[in-house]
Amino acid sequence: MDNANIHQQLGTLIAEVKNLRDDFRRSEDKSDRSRSKTHERIDDLVDRIGKIETAIAAQKTEIDEMKPVTAQVKKWQLMGMGALGVVGIGGAAIGVTFADTAHRVLALLAR
C-alpha cells in the first residue's frame, strides 16, 4: 500500500470514529431528556399520591366521627319504633275499651 492510500483510510477511519462519537453524544442527550421527563412524571405522581393520602386520612377522620352519630340515630330509630308500638297497643286498647263501652251503653238504652 502506498502512503496516500494509508492516509486516506486513516482519515476515513478518524471521520467514522468522530461520527460514532457524535451519534453516542446525541443518543446520550436524548436519553438524558427522556430520563428527565420520566423523573418529572414520577415526581408529579408522588405529589398526587401524597394529596390522595391526605384526602383519604381526612375522610377517615370524618367517617370515624360519623360512626357514633350513626349508632345514636339507629338507637333513636329503634326507640321510636318501640314507642310507636306501645302507642299503637295503647291506642288499640283504648279503641276496644271505647267500643265495648259504646256497645254496653247502647245495650242499656235498648232495654
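Which residue forms a salt bridge with Asp64, and how far apart are the closest N and O atoms? The partner is Lys60, and the closest N and O atoms of the pair are 3.2 Å apart. A salt bridge here is a side-chain nitrogen of Lys or Arg within 4 Å of a carboxyl oxygen of Asp or Glu.

Before going further, a word on the model. This is a predicted model, in which local features need pLDDT of at least 70 and side-chain atom pairs count only at pLDDT 80 or more, while totals for chains, interfaces and linings use all residues. Residues are numbered from 1 along each chain as its sequence is written, and side-chain values use heavy atoms, with hydrogens and water left out.

## The overall picture

The protein chain holds 1 helix and 0 strands. Its radius of gyration (taken over C-alpha atoms) is 46 Å, well over the 13 Å that the globule rule gives for 111 residues, so the chain is more spread out than a compact globule. That rule is 2.2 Å times the number of residues to the power 0.38. Along its principal axes, the C-alpha trace spans about 155 × 25 × 15 Å.

Thr70 and Ile14 are 56 residues apart in sequence, and their C-alpha atoms are 82 Å apart in space. For Arg104 and Ser36, the separation is 68 residues in sequence and 99 Å from C-alpha to C-alpha.

## What the surface looks like

How much of the protein chain counts as buried? Of the 111 residues, 0% do. Buried means under 20% relative accessible area, exposed means over 50%, and partly exposed lies in between (1.4 Å probe, protein chains only). The protein chain exposes about 10300 Å², and carbon and sulfur atoms supply 64% of that area. Accessible areas come from the Shrake-Rupley method with a 1.4 Å probe; for residues, only the protein chains shown count as cover.

Thr70, which lies in helix H1, is partly exposed, with a relative accessible area of 41%. Lys18 also has its place in helix H1, and this lysine is exposed at 55%.

## Charges and patches

The protein chain carries 17 positive and 16 negative side chains, and the centres of the two sets lie 11 Å apart. Lys and Arg count as positive and Asp and Glu as negative, while His and the chain ends are not counted. The place of a charge is taken as NZ of Lys, CZ of Arg, CG of Asp or CD of Glu.

Which residues form a positive surface patch? They are Lys30, Arg33, Lys37 and Arg41. Within this group, Arg33 is exposed, with a relative accessible area of 52%. Arg41 can also be placed relative to Lys18: the two are 23 residues apart along the chain, and their C-alpha atoms are separated by 35 Å.

A patch of negative charge gathers Glu40, Asp43, Asp44 and Asp47 on the surface, and Glu40 has its place in helix H1. Patches are made of residues with over 30% relative accessible area and no salt bridge; like charges are joined within 9 Å, and nonpolar side chains (Val, Leu, Ile, Met, Phe, Trp, Tyr) within 5 Å.

## Salt bridges along the helix

Side chains of opposite charge can pair when their charged atoms come close.

| Salt bridge | Closest N and O atoms |
|---|---|
| Asp22 with Arg25 | 2.9 Å |
| Asp64 with Lys60 | 3.2 Å |
| Arg104 with Asp100 | 3.3 Å |

Asp22 and Arg25 both lie in helix H1, 3 residues apart, about one turn of the helix. Arg25 is partly exposed at 48% relative accessible area.

Asp64 and Lys60 are 4 residues apart in helix H1, again about one turn. Asp64 counts as partly exposed at 37% relative accessibility, whereas Lys60 is exposed at 52%.

Arg104 and Asp100 likewise both lie in helix H1, 4 residues apart, about one turn of the helix. Arg104 counts as exposed at 56% relative accessibility, while Asp100 counts as partly exposed at 35%.

Terms used: Helix = DSSP H or I, 4+ residues; strand = E, 2+ residues; numbered from the N terminus.
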